[in-house]
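Please keep the sequence and the model in view while reading.

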2 protein chains.
Amino acid sequence: MDAAEFRRRGREMVDYVADYLENIEQRPVYPDVEPGYLRSLIPTEAPMEPENYDDIIRDVERVIMPGVTHWHSPYFYAYYPAASSYPAMLADMLCGAIGCIGFSWAASPACTELETVMLDWFGKMLQLPECFIAGTHGHGGGVIQGTASEATLMSLLAARCKAVRWVQASNPKKSEAEIFSKLVAYTSEQAHSSVERAALIGGVMMRKVPTDNCFAVRGDILKEMVEKDKAAGLIPFYFCATLGTTPSCGFDSITELGPICNGENMWMHIDAAYAGSAFICPEFRPLLNGVEFADSFNLNPHKWLLVNFDCSTMWVKNRADIIGAFKMEPLYLKHENQESGRHWQIPLGRRFRSLKMWFVFRMYGLKGLQAHIRKQVALAKEFESLVRADKRFEICAEVILGLVCFRLKGSNELNQKLLKMITKSREIHLVPCQLSGRFVLRFAICARATESRHIQQAWQHITQLTFELLDDAEA
Amino acid sequence: MDAAEFRRRGREMVDYVADYLENIEQRPVYPDVEPGYLRSLIPTEAPMEPENYDDIIRDVERVIMPGVTHWHSPYFYAYYPAASSYPAMLADMLCGAIGCIGFSWAASPACTELETVMLDWFGKMLQLPECFIAGTHGHGGGVIQGTASEATLMSLLAARCKAVRWVQASNPKKSEAEIFSKLVAYTSEQAHSSVERAALIGGVMMRKVPTDNCFAVRGDILKEMVEKDKAAGLIPFYFCATLGTTPSCGFDSITELGPICNGENMWMHIDAAYAGSAFICPEFRPLLNGVEFADSFNLNPHKWLLVNFDCSTMWVKNRADIIGAFKMEPLYLKHENQESGRHWQIPLGRRFRSLKMWFVFRMYGLKGLQAHIRKQVALAKEFESLVRADKRFEICAEVILGLVCFRLKGSNELNQKLLKMITKSREIHLVPCQLSGRFVLRFAICARATESRHIQQAWQHITQLTFELLDDAEA
């Protein structure tokens, strides 16, 4: 394919993309396929000779689309949102064309520098304390990771490295392995599975901290666990707080937890993967109070801030902590300006992802982004009030942002049945969670295209299925 | 921006991309900016109100392009290639529109399934042993990682987990920390820095194995080191072989090393990030002989197989080894078809990257991809013969694929000076490496647009600078 054909095919693809997103409501949100469906639809081997582009495009509808869960359908209420916007898609096209691998400053100065400045822009939008802003002289700063999992892992590894240095400062003979075996990390029992995974990878113990009745970790319980571990000769070194947990969008009490971590010389990382985007609105910013105690902070614009996946933004208070943990400079990466390079992540190479942030921030403006967040929170509140008005149902966690946790009053089994009916009907898509041993349905406002009428329709659908379910149960 | 505006702006962006790539020769390959250049060109904060799209596009030329290292310029000979092709870019547009986060089968069946089948297609193109192919009943199979660094890390973590289980089977009382402290991993002294980094992350010792005069690790030396470590009570558990090292494109002798690893119960991972793509050509496939001994194998189509970054393909002989190492299934990810999900990587979420492979494999066909590899190898050979014809220069490592390592006969200082002149002139771009203590220039065939005339021109430029340099030295 030469440039001329790309011009033609590119235009067609732009139209295909616009058509897909404009008409996404007409597709069933959840696919009607069984595992292994795709293999039988395509050849078992790659072709020897080039194929026709038209055949490939035809196969997108024949092979791919029947197996797609449509995350951008207004009937998609599962997990948490995946961001999508036209400006981000345009920026991604540009990113693909430049196609630089930004593993050092010299490998593409614009890639490294725009990222630093975009993280400063974003940090200011979030009113992060000055210490997290790189500026021209700061010690902190931000970086784009692929996912929150990677940000959590990097923070845990940096904390581990710092803890080893700290212990060895007074006990120079202690081996790294010996120290590792004493290190203890903590996180909420409600934290994302990737946090526990980070500890597994890092080879350190991780304790799950019980939460209060708002599914939040409080200071006193962490303090108690830390004291107990210290008394047993262990070394508490890391706490991962969550703002906006995956099951219920609960908020750990970081104003209580932060001072404890600081006092105990423990690294506090904040995972606000979903909820973090809301902190650009003054009315939600108080949820981030206490961030000044954190060593690192992460949120995913690719969830809720209209920047297409992947773009997970992470700030650290002290760049040296995270760079120092893994820096290696073979000759082929050395450059006189190497200090401007960044090895703050697991992969060495990375795409020019900050272009997406730049396009989105400028095309929406802060006000436009705030309006997006507010609209989706309002839709969640609307759904909440529909649930509350129906005595057969209960709300299972305070609705603070765009997630509503609800269930039928009654057994877990009953709610499992309801979810099965919802999934089977394929009109809307949502997933469950477990809260205090109860099976709960999660209704997350996800797609940019979701409007009030979709919420109303979703609720009507759920109540219709409930009617059938309860009718069956009584029969 | 609504769909109608996206249609218009998308067409413009397609043209911008085509123009950029068609005229890339006219841009200086390496930017003339100093660190910090970008910050002063843009505001210090994000705008409150939406901006005009035309202003953003104007800023691409004003702010971004002056700081871009043009990886797809035919004058770019640094590092290793970053793949780029029009079909891959079209697929990426589609991937962005679908915008699913493929962390489980249910999250988007097509995303999981196309990936599995594409890895089978690709595995067959590489003539991988049957045990690496998932098929419908196999125990092995492939996965797309973001980068080779992640593939290496995943293999090391899986090997670590397996080693712990194996030791604990006969010594149930041994703690994980105790076992970690005895584990030893090995890799070539020529291996990529990410291999050493993986060991640092995993908290295990890593030994650098000296190479022979072809910069390859041989069996006898690994055997000797393993014996010595075992005698000291340590537990050798992992060897990362490299096919196509970063400095010189050297090839470890995996037919010798594989049986040693198998005999010692050590995991053998093969990192063929760059060179691996060449193995689709029958004449280069012998370089992969010995892969049958490996537990895992990785290469980057995003380097040399026309699939835009990021797309790093990894195969394992036994899926259970790598899945078992980290599997966690919170309720919000559970699904009746969860076995078809994949948690074979550090990030939980991932894009629909297999679309790029599908488009590229079909639009080029195996023959078209082979032609691309062969053309670039021929260009390297052409450059090699130019160097060999000039008695002032020497070739520093056998030219097997698309990389030529060369230097001026003389001091390291002289060669450093030459590289400085090359970098300063900005006509071509390349980076150095160190081989047996000698400062060497690496000339890698990178861009898809590179033709014989560019090679000739590059060599003319280098000899012109050499003339000036030696003239200066004599004066």
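This is a predicted model: local features need pLDDT of at least 70, side-chain atom pairs count only at pLDDT 80 or more; totals for chains, interfaces and linings use all residues.

Residues are numbered from 1 along each chain as its sequence is written, and chains are lettered from A and ligands numbered from 1 in the order in which they are written.

**Sheets of chain A**

Helices (H or I, at least four residues) and strands (E, at least two) are DSSP runs, numbered from the N terminus, and two strands pair if DSSP finds at least two bridges between them. An open sheet of seven strands in chain A has mixed pairing and the order S1-S7-S6-S5-S4-S2-S3. Strand S1 (141–145) and strand S3 (205–209) of chain A stand at the edges with a single partner strand each, so one side of each is left without a neighbour in the sheet. From one strand to the next, the twist averages 20°. S3(A) runs parallel to strand S2 (residues 183–188) of chain A and is joined to it by five bridges; Tyr186(A) has Arg207(A) in S3(A) as its bridge partner.

A further open sheet, of four strands with antiparallel pairing, has the order S8-S9-S11-S10 in chain A. Its edge strands are strand S8 (393–395) and strand S10 (431–435) of chain A, each of which pairs on one side only. S10(A) and strand S11 (residues 438–444) of chain A run antiparallel and are joined by five bridges, and Arg438(A) in S11(A) is the bridge partner of Leu435(A). Helix H13 (residues 412–425) of chain A lies across S8, S9, S10 and S11 of chain A, running at about 35° to S11(A).

**Helix pairs**

Axes are lines fitted to C-alpha atoms, for helices over the stretch in contact, and angles run from 0 to 180 degrees between N-to-C directions.

| Helix pair | Angle | Axis separation |
|---|---|---|
| H5 (residues 148–170) and H7 (residues 193–202) of chain A | about 40° | 9 Å |
| H13 (residues 412–425) and H14 (residues 452–474) of chain B | about 125° | 10 Å |

The angle makes H5(A) oblique to H7(A), and likewise H13(B) is oblique to H14(B); angles under 35 degrees count as roughly parallel, over 145 as roughly antiparallel, 65 to 115 as roughly perpendicular and the rest as oblique.

Among the residues that make the contact of H5(A) with H7(A) are Leu153(A) and Arg160(A) of H5(A) and Val195(A) and Gly202(A) of H7(A). In H13(B), residues including Leu414(B) and Met421(B) meet residues of H14(B), among them His461(B) and Leu465(B).

Terms used
Side-chain values use heavy atoms; hydrogens and water are left out. Contact means heavy atoms within 4.5 Å.
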